[in-house]
Amino acid sequence: MSVDLFFGVPLVVQDVDPAVREAIRAKVSAYLQSAGAKRDIKPAPEESVATSYYRPEASILADAGLKELEAVVIDTAKAYLERTLKLPPRRLEVERAWINIFEPGAQEAQHSHDGSLLSCSYYVEAPEGCGCIVLPDPIGARRSYREFTKTAGSDLLTRREIAVEPQPGRLVMFESWMPHYVQCNKSDQVRISIAMNLREARPQVSATPARGEEAPATAVEPQRASAASVALPPARSADAKPFLFNELFDVHTDLKLSLEPIQNAIPTTVIDDFLKHPEEARDVVGRAPAANWKHEKGGKNFVDYYDCRLRFPIRYPNGMISAAQHVIRKVYELNTRPADASVDVNWFMQIHEKRADFAVPHNDMTDKVNRSFTCILYLNRREECSGGTAFFRFRKSGSLVLDEPYARAIREDSRIAETGLDYWGGGADEWWETVGTVDMVPGRLLIFPSEYFHAAHHPQNSFYEFPRLTLAFWMVS
């Protein structure tokens, strides 16, 4: 007799290396004490679990610096698809990542993560008796048959559901359509897990060849794209319309300031919900043709990434400028004026994978002014946001601002300074220590004194299908 198994449902259960497990545990423990965790982790509206799921702009991988966990998940997912499901290789990325905290007595109802490719749970803390993740037989007809015929059993072929016991450092991965639920935590300790959805990273699409040119043999290149390929949102020339800058970037009048000092040392100010029309502003600047800048011979711009800039003239009265002046006067007790008669939109997109989590740290204008303030407005949509703006300490002197050891170091090694040759720089960990980050949030305005070392923060390979968009201007006294 020949017996074949059909309609199998593969499930990955993997225990990570103890050293990796402990590193993740330590980082999550530190994260849970942070202001970001207290802000993002809230009780679920219809469940007993506390979670950051309902803060889609937050990512536990970025917020807790869990590079090692992200690497394990991506490697496991690739092996799952290629070795188990026998599918062709593809580039994967984490679509969403959130933390779940189950206090004693907490549980989670049955659900699935439709719309993603793969889903997984990683267990940071899993005391004995804290509750299994349970996957019911997804074939409804078979489940009903087992019930009616009393043929359910303990064997894999006759079980009505599969329960996987959580263990610290255990990763459970399955296809996202699979329904699952979490049993009640019957222990007297918390159960902490990190949930993730994965998707296939969209390929870079080659530019349409001009009439008379031969089309490339491969129009889509998942791993690498040529410097001539730009993935822009589709637009027709008829879609382009003139706009009034002050109307497009009009601001709310009932602004609420949030003082968020970095390590009680860098006086950063945040204003959320700054723009009246954030979606319209993002659409216009996201489709606009952007000119390259910092393009140096032998550099990486238009090779590994596109680092471009749009410039818009200021027309007075201007709501953004007035609001910035008011905030700086109130918080920093200084009267200011714009440094230029224009504002800039930084338009950045990746061609190849990033080489660091942040751009080259630098400070902004400090010469020939009494004081300068950097103003950064995040323009991306919520689902496009990743990272934000990071602040740094120069390791050789411990300084947060330009000092003589830094000036001497950049004379000796030009890679430390922002030269325009490479957005990511090199040897960053040798020279820089990250002291804090302000998250990218749609419509958020960040203001800080320009002398502090800072850089764009990219914790994920996020900006392939759309650009990273930030509007920047400087106020001086």
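Mentor: Gladly, and please keep in mind that this is a predicted model. Let us begin with T336, which touches Q325, I328, F373, M475, V476 and S477 when residues up to four places away in sequence are not counted.

Trainee: Where is T336 found in the chain?

Mentor: T336 sits in the loop between α8, which covers 319-332, and β18, which covers 337-338.

Trainee: And is T336 buried or exposed?

Mentor: T336 has a relative accessible area of 11%, and because buried means under 20%, this residue counts as buried.

Trainee: OK, zooming out, how many helices and strands are there in the protein chain?

Mentor: The protein chain has 10 helices and 25 strands. Of its 477 residues, 47% are buried, and the chain exposes about 24100 Å², of which carbon and sulfur atoms supply 51%.

Trainee: What about the radius of gyration, what would a compact globule have?

Mentor: For 477 residues, a compact globule would have a radius of gyration near 23 Å, and the 25 Å of the protein chain agrees with that. Along the principal axes, the C-alpha atoms fill a box of roughly 85 × 65 × 50 Å.

Trainee: Which share of the contacts comes from residues 24 or more positions apart?

Mentor: Counting contacts with a separation of 6 or more, residues 24 or more positions apart account for 83% of them.

Trainee: Let's look inside then. Which residues have the most contacts inside the largest nonpolar core?

Mentor: That core has 37 residues, and those with the most contacts inside it are F249, F274, M320, L379, I447 and L471. The elements giving two or more residues to this core are α6 (245-248), α7 (278-287), β17, α8, β19, β20 (372-378), β23 (445-449) and β25. The helix α8 gives the most, with seven residues.

Trainee: Tell me about β19. How many of its residues are buried?

Mentor: Strand β19 spans residues 342-350, and nine of its nine residues are buried. Both faces are covered, with S342, D344, N346, F348 and Q350 on one side and V343, V345, W347 and M349 on the other.

Trainee: Which strands are joined to β19 by bridges?

Mentor: One of them is β17 (residues 305-313), which runs antiparallel to β19 and is joined to it by nine bridges; here R311 has D344 as its bridge partner. Another is β25 (residues 468-476), also antiparallel, with five bridges to β19, and in this pairing the bridge partner of W347 is L469.

Trainee: New topic: what is the order of the open sheet of three strands?

Mentor: The order is β22-β21-β24, with antiparallel pairing. Because β22 (432-439) and β24 (454-457) stand at the edges with a single partner strand each, one side of each is left without a neighbour in the sheet. Neighbouring strands of this sheet are turned by 35° against each other on average, direction ignored.

Trainee: And how many bridges pair β21 with β22?

Mentor: Strand β21, residues 388-394, pairs with β22 over seven bridges in the antiparallel sense, and the bridge partner of T389 in β22 is V438.

Note on methods:
Residues are numbered from 1 along each chain as its sequence is written. This is a predicted model: local features need pLDDT of at least 70, side-chain atom pairs count only at pLDDT 80 or more; totals for chains, interfaces and linings use all residues. Side-chain values use heavy atoms; hydrogens and water are left out. Two strands pair if DSSP finds at least two bridges between them. Helices (H or I, at least four residues) and strands (E, at least two) are DSSP runs, numbered from the N terminus. Axes are lines fitted to C-alpha atoms, for helices over the stretch in contact, and angles run from 0 to 180 degrees between N-to-C directions. Buried means under 20% relative accessible area, exposed over 50%, partly exposed in between (1.4 Å probe, protein chains only). The radius of gyration is taken over C-alpha atoms; the globule rule is 2.2 Å times the number of residues to the power 0.38. Contact means heavy atoms within 4.5 Å. Accessible areas come from the Shrake-Rupley method with a 1.4 Å probe; for residues, only the protein chains shown count as cover. A nonpolar core is a set of buried Ala, Val, Leu, Ile, Met, Phe, Trp, Tyr and Cys residues joined through side-chain atoms within 4.5 Å.
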